[in-house]
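Visitor: Hello! I am new to this structure and would like to learn how to read it. Could you show me around?

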Amino acid sequence: MAASQSLQLSSVNNVEIPVHIIHTEENQIQEPAVDEFDYSQRGQWLRAAVLGANDGLVSVASLMMGVASVKEDIKAVIVAGFAGLVAGACSMAIGEFVSVCTQRDVEIAQMKREKLKGSSKSDENDEKLPNPAQAAAASALAFAIGAVLPLLAAAFIRQPMVRMAVVVTVASVALLVFGVVGALLGRTPVVKSSARVLVGGWMAMGTTFGLTKLIGSNHGMQI
């Protein structure tokens with residue numbers, strides 16, 4: 001009886017449980033390819049390019065507005081603007097060169113410390129090292145591109161008031177373009193970025209014009 005009961009129990013408890021085998025290869029979800037582009041590197045170059053062009057435009061336009069506030073001669077305005085272009089481009093190039101050289105020295109020192117620990121990948125790290133000469137040339141070129149715009153706008157206009165209006169208009173349009181391009185490439189809000197750049201440029205030009213006119217008018221300065 002005990003044997004029959006055990007057989008009955010085993011037969012009763014012998015329940016077939018369906019097993020569903022999942023073929024991982026067939027049902028594997030294909031994930032979209034990950035964007036491996038280093039946006040931090042692009043952000044650095046974008047920052048330098050936009051900063052250089054914006055500085056060139058605002059600096060030279062403001063300088064020309066300041067000179068034009070106390071001197072109507074077009075030659076004085078153009079010469080001052082050209083001097084600002086050359087001085088600014090050299091300053092940007094030297095500043096960027098020194099800055100990138102310092103960054104490069106820091107990264108090389110860090111690579112040496114990692115190499116002593118045995119955790120350094122020299123080939124990959126060497127490719128990521130910044131190039132000071134390239135950075136300096138890019139900054140100088142960006143500054144010159146921005147600075148030449150107000151110079152070209154004022155070069156062929158003889159009437160002082162019209163000249164200043166054209167310089168402000170060209171500078172405003174260029175500032176908007178720089179803001180939009182920087183926002184699109186950097187994937188930031190377009191309106192906010194453009195407004196920030198435009199308002200900053202207006203403040204610089206207005207401040208330079210007002211203070212220069214104030215000092216020149218009160219002291220009777222001759223240029």
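Guide: Gladly. Let us begin with a word we will need: a residue is called buried when its relative accessible area is under 20%. This is a predicted model, and of the 223 residues in the protein chain, 29% count as buried.

Visitor: How many helices and strands does the protein chain have?

Guide: The protein chain has 8 helices and 0 strands. Read along the sequence, the pattern is α-α-α-α-α-α-α-α.

Visitor: What is the mean pLDDT of the protein chain?

Guide: pLDDT is the predictor's confidence in each residue, from 0 to 100. Here the mean is 79, and 72% of the residues reach 70 or more. Residues 1-15 stay under 50, and the model gives them 0 contacts beyond four places in sequence. Residues 19-35 also stay under 50, with 1 contact beyond four places.

Visitor: And the surface: how much of it belongs to carbon and sulfur atoms?

Guide: The accessible surface of the protein chain comes to about 15,200 Å², and 64% of that belongs to carbon and sulfur atoms.

Visitor: Which residues have the most contacts inside the largest nonpolar core?

Guide: That core has 30 residues, and those with the most contacts inside it are Leu57, Val60, Met64, Val167 and Leu175. Two or more residues come from each of α3 (39-70), α4 (74-117), α6 (132-154), α7 and α8. The largest share, 9 residues, is from α3. As for contacts across the sequence, among those in the protein chain with a separation of 6 or more, 73% are between residues 24 or more positions apart.

Visitor: What is Val167 in contact with, leaving aside its neighbours within four places in sequence?

Guide: Val167 is in contact with Ala61, Met64, Met65, Pro150 and Ala154. Met64, like Val167, is on the list of residues with the most contacts inside the core.

Visitor: Now for helix α8: is Ser193 buried or exposed?

Guide: Ser193, which lies in α8 (residues 190-219), is buried, because its relative accessible area is 9%. Beyond its neighbours within four places in sequence, Ser193 is in contact with Gly179, Ala183 and Thr188. Gly179 and Ala183 are themselves among the buried residues of α7.

Visitor: Which residues does UniProt list for "transmembrane region"?

Guide: An unreviewed UniProt entry lists residues 45-64, 76-94, 135-157, 164-185 and 197-216 under that name. Over residues 76-94, the chain is 100% helix and 0% strand, with end C-alpha atoms 27 Å apart. Residues 135-157 are 87% helix and 0% strand, and their end C-alpha atoms lie 35 Å apart.

Methods. Residues numbered from 1 in each chain as written. Predicted model: local features only at pLDDT ≥ 70, side-chain atom pairs only at ≥ 80, totals over all residues. Heavy atoms only, no water. Helix = DSSP H or I, 4+ residues; strand = E, 2+ residues; numbered from the N terminus. Buried < 20%, exposed > 50% of the residue type's maximum accessible area, 1.4 Å probe, protein only. Contact = heavy atoms within 4.5 Å. Areas by Shrake-Rupley, 256 points an atom, 1.4 Å probe, with all protein chains shown as cover. Core = buried A, V, L, I, M, F, W, Y, C linked by side-chain atoms within 4.5 Å. UniProt positions renumbered as here; feature names shortened; annotations may be inferred.
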